[in-house]
Amino acid sequence: MSIRLMIAPNNFPYTHGWGVYPQLTTELGKRRRSAKTMLGFIDGTPGVKPSDWRYSALILEGAFKSVAGESSRDWFTLCNHLGQPSRALAHEIFEHLQTLKELDPRSSDAGRIFRMLEDLALPDMLQYFRETTSAEDPRPVDIREGWCHVLWSHETPDRLLVGAVHGTPTEVVSVLDRSPGARHGVLAAWYVEDPDWAASQIARTFEKSRPARPDAASGGGRDCRHQAAH
């Protein structure tokens, strides 16, 4: 997490918080084309060139590396468009893609990695990515509810906001950003099945809790948030 605090974007307007920036048009275009190429290669679509395949593997490798490391301005946005893979899953896919791009796509080693990527649901993630980022008729992004999160704002760089909600981190950010000039971002986030239990553990760790405003978490329940200096 420290790298995300130490290397703040230079000469960049803080129109959003860390992790929740929209994808840059150029990056989105490369990711969409690469997802289409990789899906075509996995499905055996004729005419996919090895050079295109390697470039696509490189682009997708970078995308999953971003999610695994929570290390780019759009990492949580990208994560949601990929179907919210965990950091561990994103890292595993990143490592396979890193190896894959160095292999002959027709080799037995490449075939073995492709099978592992299919078992990890990479084709489903890429298809979901293309559907939710379509310019013509985008599929709505479905974010699961129930998260722990670490939020951060450029306005208060010495403070972290740690919490657990029944809703989603983006909902919490939208509530916090109602204050003039506020731009909160997501440094880290984990999906949890029991936000109430997670909130109790956070309260035990930080020894104080503050109920959030009623609209900070969807679906009711408790929103436990703590400010901690880093």
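Predicted model: local features only at pLDDT ≥ 70, side-chain atom pairs only at ≥ 80, totals over all residues.
**Overall make-up**

I began with the secondary structure and found 9 helices and 5 strands in the protein. I then read off the order of the elements from the N terminus, which is α-α-α-α-α-α-α-β-β-α-β-α-β-β. For burial, I noted that 49% of the 230 residues are buried. I also looked at the contacts with a separation of 6 or more, and 66% of them join residues 24 or more positions apart.

**Helix α6**

I checked the length of α6, residues 108-119. Its 12 residues should span 16 Å at 1.5 Å a residue, and I found the end C-alpha atoms 17 Å apart, which agrees. Next I looked up which residues of α6 are buried, and these are Ala110, Gly111, Ile113, Phe114 and Leu117. They lie on the same side of α6, because the arc they cover around the axis is only 165°. On the other side of α6 I noted Ser108, Arg115 and Asp119 as exposed. I followed the chain past the helix: just after α6, Ala121 has a positive phi of about 70°.

**α5 against α6**

I took the pair formed by α5, residues 87-100, and α6. Their axes are 10 Å apart and the packing angle is about 160°. An angle over 145 degrees counts as roughly antiparallel, and α5 and α6 are therefore roughly antiparallel to each other. I recorded their crossing as left-handed. From α5 the residues involved are Ile93, His96, Leu97, Thr99 and Leu100, and they meet Ala110, Ile113, Phe114, Met116 and Leu117 of α6. Among the α6 residues buried in that helix are Ala110, Ile113, Phe114 and Leu117.

**His96**

I went back to His96, which is in helix α5. Leaving out residues up to four places away in sequence, His96 touches Ile113, Met116, Leu117 and Leu120. Of these, Ile113, Met116 and Leu117 belong to the α6 side of the α5 contact.

**α2 against α7**

Which way do α2 and α7 lie to each other, and how far apart are their axes? I found α2 (residues 25-43) and α7 (residues 122-132) packed at about 140°, with the axes 9 Å apart. That angle makes α2 oblique to α7. I noted a left-handed crossing where α2 passes α7. The contact involves Leu28, Arg31, Arg32, Arg33, Ala35, Lys36, Met38, Leu39 and Ile42 on α2, and Pro123, Leu126, Gln127, Phe129 and Arg130 on α7.

**His81**

Is His81 buried or exposed? Its relative accessibility is 14%, so I count His81 as buried. With residues up to four places away in sequence not counted, I listed Gln23, Met125, Tyr128, Phe129, Thr132, Thr133 and Val141 as the residues His81 touches. One of these, Phe129, is also among the α7 residues in contact with α2.

**Helix α8**

Last, I looked at α8, residues 169-176, where Pro169, Val172, Val173, Val175 and Leu176 are buried. They cover an arc of only 160° around the axis, so I put them on the same side of α8.

Note on methods: Residues numbered from 1 in each chain as written. Heavy atoms only, no water. Helix = DSSP H or I, 4+ residues; strand = E, 2+ residues; numbered from the N terminus. Expected span 1.5 Å × (residues − 1). Buried < 20%, exposed > 50% of the residue type's maximum accessible area, 1.4 Å probe, protein only. Arc of directions from axis to C-beta. Axes fitted to C-alpha atoms, helices over the stretch in contact; angles between N-to-C directions. Parallel < 35°, antiparallel > 145°, perpendicular 65-115°, else oblique. Left-handed = near helix turned anticlockwise from the far one by under 90°. Contact = heavy atoms within 4.5 Å.
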